[in-house]
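This briefing goes through one protein model by topic. Please view the sequence and the structure together while reading.

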Amino acid sequence: MKLSKSISRRESLKWIGVAGLSAAFGAYVRPAWAGSANGRVVVVGGGFGGATAAKYLKRLAPSLDVTLIEPQTRYITCPFTNLYLGGVRAFETLWHDYTELREVYGVRVVHQLAEDVDADRRVVKLADGEVLTWDRLILSPGIDLRWDALEGYDESASERAPHAWKPGAQSRLLRQQLEAMEDGGTFILVAPDNPYRCPPGPYERVSMVAHYCKTHKPRSKILLLDSKDAFSKQDLFTEGWKANYGDMIEWVGRSQDGRVLRVDADRLEVETEFGTVHKADVLNVVPPQKAGIIADRAGVSDASGWAPIKARTFESRQVPGVYVIGDATEAAPMPKSGFLANVQAKMTVQAVMADLAGQPAPEPSWANTCYSLITPEWGITVAGVYEVYDDVLREVPGSGGVSPLDASAVFRRQEADFARGWYAGIAQDVWGTRSSS
Ligand SMILES: Cc1cc2nc3c(=O)[nH]c(=O)nc-3n(C[C@H](O)[C@H](O)[C@H](O)COP(=O)(O)OP(=O)(O)OC[C@H]3O[C@@H](n4cnc5c(N)ncnc54)[C@H](O)[C@@H]3O)c2cc1C
């Protein structure tokens with residue numbers, strides 16, 4: 001068995017174990033000074049980052065006044081939407097609500113959009129006109145799509161050529177289009193350059209589309225046009241595609257003319273940098289992204305479109321008292337994942353409580369594992385552990401790693417089981433949902 005990186009898997013799991021434990025440990029043990037953390041905290045966004053932050057603030061410091069602002073009464077996860085597209089998971093299993101946060105933990109949940117933030121006056125304005133004051137604000141608004149980045153691809157074009165990179169109606173639309181595609185049709189996925197939400201996501205998506213086509217439309221073709229020359233877990237995906245789908249999936253990197261510059265959603269055509277036109281039967285365009293718009297309005301994002309943060313606490317570098325977590329942050333080398341949004345939330349909750357209690361922020365540590373499924377029984381992972389070094393985030397030297405190449409079917413099946421276990425565990429941790437597959 002070859003190892004894809006010089007670090008052994010056992011070694012990387014050891015690191016994950018240490019950091020994962022410390023993340024969970026820090027979150028579950030109430031610091032002695034937690035009782036002196038008083039005040040009002042408003043959290044914007046009830047996804048992986050925001051819902052975790054609201055829950056753990058109340059769990060660790062019940063006397064805090066915590067309000068969560070989230071427009072949707074039902075949150076749908078991006079993780080496992082690819083399995084829904086592949087026909088292996090019911091859409092309803094991806095739905096979660098805020099009952100536990102409200103009823104068990106006493107979080108005030110307000111189903112409204114936060115429209116504006118006035119950091120000088122320390123207020124958030126909601127779409128219905130309500131104005132909330134805060135002592136500390138945590139923003140976890142996720143991503144918005146850059147509609148101006150690909151010529152011809154705006155919000156109305158996404159009704160014909162869905163992105164399905166924010167879950168919900170877009171995921172359903174893409175699934176319906178796939179079901180309606182003729183056997184022998186061409187599915188094209190357009191993938192963006194870094195950074196973007198979920199680095200392995202496009203590659204898992206074509207895997208799940210191939211899984212569906214293999215059983216229902218075996219003459220179909222899947223073309224992945226990429227703005228990058230390398231991608232997450234590339235050797236493992238390539239190996240898995242070949243073993244399970246033969247030549248059904250074709251990946252075209254940037255230097256081989258994979259970078260799409262123009263989209264014609266009416267004709268389901270895309271044009272690349274060097275002028276090649278590709279025609280699809282189903283066209284899935286994942287455009288470049290940026291932090292959710294409220295980050296701009298709060299003044300926490302910069303010219304990159306993402307929010308720069310202080311490494312130790314995730315307090316905004318630009319606006320004191322405002323903390324940003326999850327996909328909206330500029331937190332390289334951390335990838336934008338739900339796993340990390342959850343861990344960042346737990347670390348930042350402690351920094352916020354310490355700040356309110358007049359204490360120094362505890363030493364943070366973060367870990368991440370991104371699982372991807374190539375088939376429902378073929379899982380692969382990439383893991384990383386992160387620390388602060390010289391006030392900058394970095395991957396702990398020698399930590400992390402990816403699944404081995406040439407692994408046995410039993411090993412791949414185990415990793416697929418771990419992926420399902422991870423989903424069930426995080427859904428339980430964030431929303432209190434006991435999920436089934
Ligand atoms: C296809 C796909 C597969 C993925 N698979 C995985 C995976 O297997 N593992 C993994 O770890 N990650 C995965 N991810 C990534 C994961 O979904 C994100 O990293 C994660 O959702 C980020 O959490 P967040 O809290 O930053 O944002 P989100 O979870 O998107 O939450 C943001 C919330 O903020 C709300 N919001 C936005 N603006 C406002 C506002 N102005 N006022 C109030 N509320 C607002 C939104 O309604 C939303 O509910 C996947 C992503 C995709 C697209």
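The model is predicted: local features need pLDDT of at least 70, side-chain atom pairs count only at pLDDT 80 or more, and totals for chains, interfaces and linings use all residues. Residues are numbered from 1 along each chain as its sequence is written.

**Domains**
- The domain assignment gives domain 1 (9–145 + 289–431) and domain 2 (157–285); such bounds come from an automatic or database domain assignment.
- Between the C-alpha centres of domain 1 and domain 2 there are 28 Å.
- Contact involves 30 residues of domain 1 and 32 residues of domain 2, where two residues are in contact if their C-beta atoms, placed from the backbone, lie within 7 Å.
- On the side of domain 1 that touches domain 2, α3, β10 (143–145), β22 and β23 (378–389) each supply at least two residues. Helices (H or I, at least four residues) and strands (E, at least two) are DSSP runs, numbered from the N terminus.
- That side of domain 1 is made up of 18 nonpolar, 10 polar and two charged residues. Ala, Val, Leu, Ile, Met, Phe, Trp, Tyr, Cys and Pro count as nonpolar, Asp, Glu, Lys and Arg as charged, and the others, Gly among them, as polar.

**Ligand shell**
- There are 38 residues around the ligand, of which Gly45, Gly47, Gly49, Gly142 and Gly326 come nearest; a residue counts if its C-beta atom, placed from the backbone, lies within 6 Å of the molecule.
- At least two shell residues come from each of α2 (48–60), α3 (81–85), α6 (201–216), α9 (338–356) and β22 (366–375).
- Both domain 1 and domain 2 contribute at least three residues each to the shell.
- By class, the shell holds 18 nonpolar, 15 polar and five charged residues.

**Nonpolar core**
- The largest nonpolar core has 123 residues, and Val43, Leu57, Leu139 and Val324 touch the most other members. Such a core is a set of buried Ala, Val, Leu, Ile, Met, Phe, Trp, Tyr and Cys residues joined through C-beta atoms within 7 Å.
- Helix α9 gives the most to this core, 11 residues.
- Not counting residues up to four places away in sequence, Val324 touches Leu139, Ala295, Val300, Ala307, Ile309, Phe314, Ser316 and Thr329.

**Helix α10**
- The 23 residues of α10 (residues 409–431) should span 33 Å at 1.5 Å a residue, and the end C-alpha atoms are 33 Å apart, which agrees; the expected span is 1.5 Å times one less than the number of residues.

Key. A residue is buried if 20 or more other C-beta atoms lie within 10 Å of its own, exposed if 12 or fewer, and partly exposed in between; C-beta atoms are placed from the backbone.
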